[in-house]
Amino acid sequence: MGESALMIDNVVPRNAVLKLAARIGAEIRNIKLSGDLADQTIAAIKGLILDHKVIFFRDQGHLDDAEHERFALRFGKPMLSPTLDPAKGTMSILDIDSARGGFRTDAWHIDFAYLDAYPKILVLRGAVIPPVGGDTVWSNTAAAYLDLPGPLQRLADDLWAVHSNAYDFAVFARPTEAEKEVHNEGLAKALFETEHPVVRVHPETGERTLVLGLYVKGFVDMPKYDGQKLFDLFGSHITAPENTVRWNWKQGDVAIWDNRATMHYAARDYGDKPRVTRRVAIDGEVPVSVQGQRSVVRIKIIK
């Protein structure tokens with residue numbers, strides 16, 4: 001039995017960890033989240049995140065914004081969105097509100113992947129949940145990589161992709177005019193473009209994970225037509241049902257995920273009902289390729 005397994009047994013009983021799917025996701029029961037949790041408990045939670053990629057906690061309605069932030073900061077330094085007005089968030093917390101434009105997340109993505117050092121961990125709290133719909137789906141991108149045939153793994157190992165916040169919002173998000181306006185306002189404030197390896201080596205587990213999603217503009221040194229075919233091929237492995245877990249939100253739920261080893265998609269299937277989640281992002285590392293090369297910033301303009 002490894003050190004992380006012993007830590008979980010000693011701090012979080014194994015009968016409190018309910019696996020939700022074979023490859024990704026677990027619900028953790030009987031823990032009241034707070035910024036005052038013991039170091040051993042935080043270490044055990046970190047181990048569970050690495051093991052399951054995304055973990056969930058029900059019945060955390062006691063958390064307000066301040067306590068949510070205090071808990072999240074036990075995992076590292078907070079990262080504020082460089083493209084959003086600070087007035088939209090409280091402290092390091094960002095409101096993702098269906099009633100406001102510019103926060104559409106109904107496409108597979110890695111949060112802030114257009115940055116060179118995008119967040120490593122996200123802590124998301126369900127504040128207002130619609131009566132039906134509004135689930136979020138996560139995918140294990142390490143499992144998706146392992147599912148690739150050997151020749152495709154070797155191809156992916158050598159590929160680099162350009163990620164940008166100037167993606168085609170209209171194509172991916174099917175936005176309203178108001179949402180387009182908010183998106184364009186964000187681009188007017190900041191523009192980012194980064195080259196990431198399509199396969200990064202996870203700094204803690206050593207796993208190889210795929211780095212793709214809606215921010216990808218194309219592959220380096222590859223025509224757009226051929227690149228789109230490859231993008232779709234790799235994407236089909238990432239979104240294969242056996243690599244995913246779907247969470248049915250209830251108010252007060254908390255989800256924590258490893259943004260270096262997952263992609264996610266928030267279903268927009270709740271009509272005109274309100275849906276509000278609140279998120280804290282934790283600073284991450286610059287990705288490193290299989291060959292040991294680091295991601296490269298191409299454009300960074302902040303106005």
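Biologist: What makes Lys250 and Asp253 a polar contact?

Modeller: The backbone nitrogen of Lys250 lies 2.8 Å from a polar atom of the Asp253 side chain. A polar contact is a pair of N or O atoms within 3.5 Å; within protein, one must be able to donate a hydrogen and the other to accept it, and residues adjacent in sequence count only if both atoms are side-chain atoms. This is a predicted model, in which local features need pLDDT of at least 70 and side-chain atom pairs count only at pLDDT 80 or more, while totals for chains, interfaces and linings use all residues. Residues are numbered from 1 along each chain as its sequence is written, and side-chain values use heavy atoms, with hydrogens and water left out.

Biologist: Where is Asp253, and why is Asp253 called buried?

Modeller: Asp253 is in the loop between E14 and E15. Buried means under 20% relative accessible area, exposed over 50%, and partly exposed in between, with a 1.4 Å probe and protein chains only. Asp253 has 1%, so it is buried.

Biologist: Why is Tyr265 given another label, partly exposed?

Modeller: The relative accessibility of Tyr265 is 23%, so the residue counts as partly exposed.

Biologist: How do you decide that two rings form a pair?

Modeller: Rings of Phe, Tyr and Trp (its six-membered ring) pair if their centres lie within 6.5 Å; planes under 30 degrees apart count as stacked, over 60 as edge-to-face and the rest as tilted. By this rule there are eight aromatic pairs.

Biologist: Why is the pair of Trp108 and Tyr265 called tilted?

Modeller: The two ring centres are 5.8 Å apart and the planes stand at 50°, so the pair of Trp108 and Tyr265 is tilted. Trp108 belongs to the loop between strand E6 (93-97) and strand E7 (121-128), and Tyr265 to strand E16 (residues 262-266), so the pair ties together parts 157 residues apart in sequence. Helices (H or I, at least four residues) and strands (E, at least two) are DSSP runs, numbered from the N terminus.

Biologist: What makes Tyr114 and Tyr215 edge-to-face?

Modeller: Their ring centres are 5.0 Å apart and their planes are at 85°, so the pair is edge-to-face. Tyr114 sits in the loop between E6 and E7, and Tyr215 in the loop between strand E12 (208-210) and E13, 101 residues apart. Both Tyr114 and Tyr215 are buried.

Biologist: Which residues do ring pairs link into a cluster?

Modeller: The cluster consists of Phe56, Trp138, Trp247 and Trp257.

Biologist: What makes a set of residues a nonpolar core?

Modeller: The set must be buried Ala, Val, Leu, Ile, Met, Phe, Trp, Tyr and Cys residues joined through side-chain atoms within 4.5 Å. The largest nonpolar core has 47 residues, and among those touching the most other members are Trp138, Phe219 and Phe234. Helix H8 (residues 224-238) gives the most to this core, with four residues. A second, separate core has 26 residues, including Ile31 and Phe57.

Biologist: How do you know that E7 pairs with E15?

Modeller: Two strands pair if DSSP finds at least two bridges between them. Five bridges join E7 to strand E15 (residues 254-258), and these strands run antiparallel. Arg125 stands opposite Val254 in E15. Seven bridges join E7 to strand E17 (residues 276-282), again antiparallel, and there the bridge partner of Val123 is Val280.

Biologist: What makes E7 mostly covered?

Modeller: Seven of the eight residues of E7 are buried.

Biologist: How do you know whether the span of H2 is close to the expected value?

Modeller: The expected span of a helix is 1.5 Å times one less than its number of residues. Helix H2 (residues 39-52) has 14 residues and reaches 20 Å from its first C-alpha to its last, close to the 20 Å expected. Its buried residues include Ile42, Leu48 and His52. Just after H2, Lys53 takes a positive phi of about 75°.
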